[in-house]
Amino acid sequence: MKLNEDSEILAENKVLLLYILNKLDKPIDNDNLLKLTLSVKEMNYFYFQQFLLDLLENNYIIGYTEDDETMYKITDLGKETLSLTEDILPGIIKLQIDNFLNEEVDEAQYKDHAISEFTPKNEHEFIVNCKLVKNNVPIFEIKLQANSSKEAKHMAEKWENNYNDIYPIIKDILSSK
């Protein structure tokens, strides 16, 4: 999908983000909004960020910083726009979101979970951001440099799959005298 190719798909993806934000009781950070979105629809990270930027620029959502995290929340204009455009979002996607939010979001707030993402610094360098969140509060974060997208993806996956083993080792090293 190219960003200027299919305006119906672009509109659907923006409505999807508005729908998710409208269903949440409270603001959500970028990482968790991306994970929620990807749980129901495959989407390129950079397109996701562009959709967020478009929604921010049109005042359909607001973004603010809280504890070094950008949090997003739907505005009244966003809710009004959603009520006019919600029909373009397929019913199956709405059902998936509703089911996911009912089952997963409350549980995820109270348990430990790892978050990782990587972003390009330039053509050959990537920054991998690994976090550990407990009770919806980041308790550990580390940024690492990778020399290829393959290495960055490997580091991100390794963190998410092995954070229970990795975090105690790092904490022990840093805590020792």
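Val133 counts as buried, because its relative accessibility is 5%. Here, buried means under 20% relative accessible area, exposed means over 50%, and partly exposed is what sits in between, with a 1.4 Å probe and protein chains only. Val133 has its place in strand β5, residues 125–134. Helices (H or I, at least four residues) and strands (E, at least two) are DSSP runs, numbered from the N terminus. Between the C-alpha atoms of Val133 and Ile9 there are 33 Å in space, and the two are 124 residues apart in sequence.

A quick word on what you're looking at. This is a predicted model, where local features need pLDDT of at least 70, side-chain atom pairs count only at pLDDT 80 or more, and totals for chains, interfaces and linings use all residues. Residues are numbered from 1 along each chain as its sequence is written, and side-chain values use heavy atoms, with hydrogens and water left out.

**Salt bridges**

How many salt bridges does the structure hold? There are 7. A salt bridge is a side-chain nitrogen of Lys or Arg within 4 Å of a carboxyl oxygen of Asp or Glu.

| Pair | N to O distance |
|---|---|
| Glu12 and Lys41 | 2.7 Å |
| Glu160 and Lys35 | 3.7 Å |
| Lys131 and Glu69 | 2.3 Å |

Take the salt bridge of Glu12 and Lys41. Glu12 lies in helix α1 (residues 7–23) and Lys41 in the loop between α2 and α3, so this pair ties together parts that are 29 residues apart in sequence. Glu12 counts as buried because its relative accessibility is 14%, and Lys41 counts as buried at 18%.

Next up is the salt bridge between Glu160 and Lys35. Glu160 sits in helix α6 and Lys35 in helix α2, so the pair ties together parts that are 125 residues apart in sequence. Are they buried or partly exposed? Glu160 is partly exposed, with a relative accessible area of 30%, and Lys35 is partly exposed too, at 34%.

Then there's the salt bridge where the side chains of Lys131 and Glu69 meet. This pair links distant parts of the chain, with Lys131 in strand β5 and Glu69 in strand β3 (residues 69–74), 62 residues apart. Lys131 is buried, with a relative accessible area of 5%, and Glu69 counts as buried at 11% relative accessibility. Which residues do shared partners join into one network? Asp31, Glu69 and Lys131 are joined that way by salt bridges.

Where does the lining come from? Helices α2 (30–40), α3 (45–57) and α6 (149–175), along with strand β4 (113–122), each supply at least two residues. By class, the lining of this pocket has 10 nonpolar, 3 polar and 6 charged residues. Ala, Val, Leu, Ile, Met, Phe, Trp, Tyr, Cys and Pro count as nonpolar, Asp, Glu, Lys and Arg as charged, and the others, Gly among them, as polar.

Asn32 lies in helix α2 and is buried, with a relative accessible area of 16%. The C-alpha atoms of Asn32 and Leu89 are separated by 21 Å, and these residues are 57 apart along the chain.

Over in helix α6 you'll find Ser149, which is partly exposed at 39% relative accessible area.

Together, Ile169, Ile173 and Leu174 make a nonpolar surface patch of about 340 Å². Patches are made of residues with over 30% relative accessible area and no salt bridge, and nonpolar side chains (Val, Leu, Ile, Met, Phe, Trp, Tyr) are joined within 5 Å, like charges within 9 Å. Accessible areas come from the Shrake-Rupley method with a 1.4 Å probe, and for residues, only the protein chains shown count as cover.

Asn59 is found in the loop between α3 and β2 (61–66). Its phi is near 60°, a positive value in a residue other than glycine.
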